[in-house]
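Have a look at the structure first, then read on.

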Amino acid sequence: MSPTPARITAVDTFDVRFPTSRELDGSDAMNPDPDYSAAYVVLRTDADDGLEGHGFTFTIGRGNDVQVAAIEALRHHVLGRSVEELCADPGTLNRDLIGDSQLRWLGPEKGVMHMAIGAVVNALWDLAAKRARKPLWRFLADAEPQWLVSQVDFRYIADALTPQEALAILQLGRRGAAEREVLLRERGYPGYTTSPGWLGYSDEKLTRLARQAVADGFTQIKLKVGADLADDVRRCRTAREAIGPDIRMAIDANQRWNVGEAVEWTRALAEFDPYWVEEPTSPDDVLGHAAIRKAVAPVKVATGEHVQNRIVFKQLLQAGAIDVLQIDAARVGGVNENLAILLLAAKFGVPVCPHAGGVGLCELVQHLSMFDYVALSGTTENRVIEYVDHLHDHFIDPVVLRDGHYTAPTAPGFSAAMRAESLAEFTYPDGAFWAADLAQGKGAAA
Ligand SMILES: [Mg+2]
């Protein structure tokens with residue numbers, strides 16, 4: 001008797017919130033008091049291997065109320081499906097979720113529903129990589145170019161990138177992949193750190209952390225700006241004095257400005273030699289970014305952590321609006337859409353420097369950059385992955401930084417799984433931390 005094929009038996013969700021607002025970790029010009037949070041999903045199966053698929057998307061507190069509900073609205077698409085079939089072709093699930101006509105009305109392919117799709121799709125990729133006993137970066141790097149092309153949805157981007165072009169890029173990317181994999185395992189992938197530069201930190205803390213970043217081997221730091229120009233001038237001067245002239249310093253306005261303000265403010269900080277200005281204005285304003293880029297050169301323009309899908313990225317590239325493309329592992333529709341975006345960036349020759357930090361975003365996005373290096377763009381030149389040094393201890397397979405570089409993960413999967421103790425403590429509102437907190441009447445997240 002042949003065994004029954006394994007099925008997805010549960011899509012469990014968790015509302016996980018960390019009280020980061022109390023230390024002003026993560027504070028920036030638009031988000032003064034974030035509680036870093038994850039809308040977290042676990043796919044369970046009845047397979048004998050006991051493997052689960054873990055995924056999540058990042059919010060900063062009360063957004064989780066809505067985000068978890070959005071993931072739950074997708075449950076019926078996943079329950080009962082064949083594990084084997086889904087893992088052989090995650091693109092099928094991606095298309096089914098995007099194609100839900102009743103939920104599509106809430107997008108299409110943007111915002112809360114799209115982030116929910118990303119969480120579920122990424123959980124499936126985690127499961128697929130675990131079943132293949134490979135870290136996701138290697139699962140992708142070992143995949144046939146033709147199969148990778150089949151995982152990309154070319155709808156709305158074929159005017160900028162055809163499947164034939166994508167295949168050619170991936171076939172070229174395969175050349176020398178084995179040598180690059182050896183280099184990656186030896187050296188890791190370069191990172192940069194945002195930890196010194198949160199807006200709520202004192203100048204003393206900024207100086208201490210900026211010096212520490214250089215001592216830790218980082219060649220780039222980033223400062224939050226955009227709330228008060230006089231403060232920004234002082235903080236940029238302080239940071240530049242702490243790191244010296246040779247370390248790159250990026251500035252990040254988190255969408256604070258109008259186009260004209262972005263130009264004036266960036267010019268006012270130009271004497272401190274910022275390497276890029278990040279999210280100078282709305283992530284939807286393609287032409288605004290193009291205008292800013294023209295006006296603030298040679299300061300580079302970077303964006304992407306809030307760019308909602310491959311279609312907006314396509315336009316940013318077509319319009320010559322950005323110098324640096326910042327993918328986020330949990331903003332768009334999961335690995336499939338990020339494959340499309342990495343391919344677009346390669347086609348247009350724009351370096352990808354991922355957004356990370358948050359909860360688990362470093363853990364996820366390192367896999368995409370490492371795959372890109374080994375088997376797509378083939379380079380780390382002018383490429384760095386953001387690093388923020390908190391909340392990693394909640395993950396079973398946390399990132400490991402060595403001399404300013406992300407070391408290549410070796411454990412199978414997408415490094416997405418959180419520790420059971422962390423889920424038990426920080427699930428909102430019933431986890432041990434929040435239950436005690438709410439009982440004391442603090443209720444910071446309420
Ligand atoms: Mg940013």
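This is a predicted model: local features need pLDDT of at least 70, side-chain atom pairs count only at pLDDT 80 or more; totals for chains, interfaces and linings use all residues.

Helix α17 covers residues 361–375, and its first and last C-alpha atoms sit 22 Å apart. That's close to the 21 Å you'd expect at 1.5 Å a residue.

## The nonpolar core

Now for the greasy part. The largest nonpolar core takes in 140 residues, and the ones with the most contacts inside it are Val41, Ala119, Val120, Leu124 and Leu343. Helix α6 (residues 111–131) supplies the largest share of this core, with 13 residues.

Take Ala119 and skip its neighbours within four places in sequence: what's left in contact with it is Ala39, Val41, Gly55, Phe56, Thr57, Ile71 and Ala330.

## Arg44 on strand β2

Arg44 belongs to strand β2, which runs over residues 37–45. It has 16 C-beta neighbours inside 10 Å, so Arg44 counts as partly exposed.

Not counting residues up to four places away in sequence, Arg44 touches Thr9, Ala10, Asp12 and Glu52. Ile60 is 16 residues from Arg44 in sequence, and their C-alpha atoms are 26 Å apart in space.

## What the record says

An unreviewed UniProt entry lists residues 203–299 as "domain: Mandelate racemase/muconate lactonizing enzyme C-terminal". In the model, that span is 51% helix and 15% strand, with its end C-alpha atoms 24 Å apart.

Definitions and conventions. Residues are numbered from 1 along each chain as its sequence is written. A nonpolar core is a set of buried Ala, Val, Leu, Ile, Met, Phe, Trp, Tyr and Cys residues joined through C-beta atoms within 7 Å. A residue is buried if 20 or more other C-beta atoms lie within 10 Å of its own, exposed if 12 or fewer, and partly exposed in between; C-beta atoms are placed from the backbone. Helices (H or I, at least four residues) and strands (E, at least two) are DSSP runs, numbered from the N terminus. Two residues are in contact if their C-beta atoms, placed from the backbone, lie within 7 Å. UniProt positions are given in the numbering used here, feature names are shortened, and annotations may be inferred rather than shown by experiment. The expected span of a helix is 1.5 Å times one less than its number of residues.
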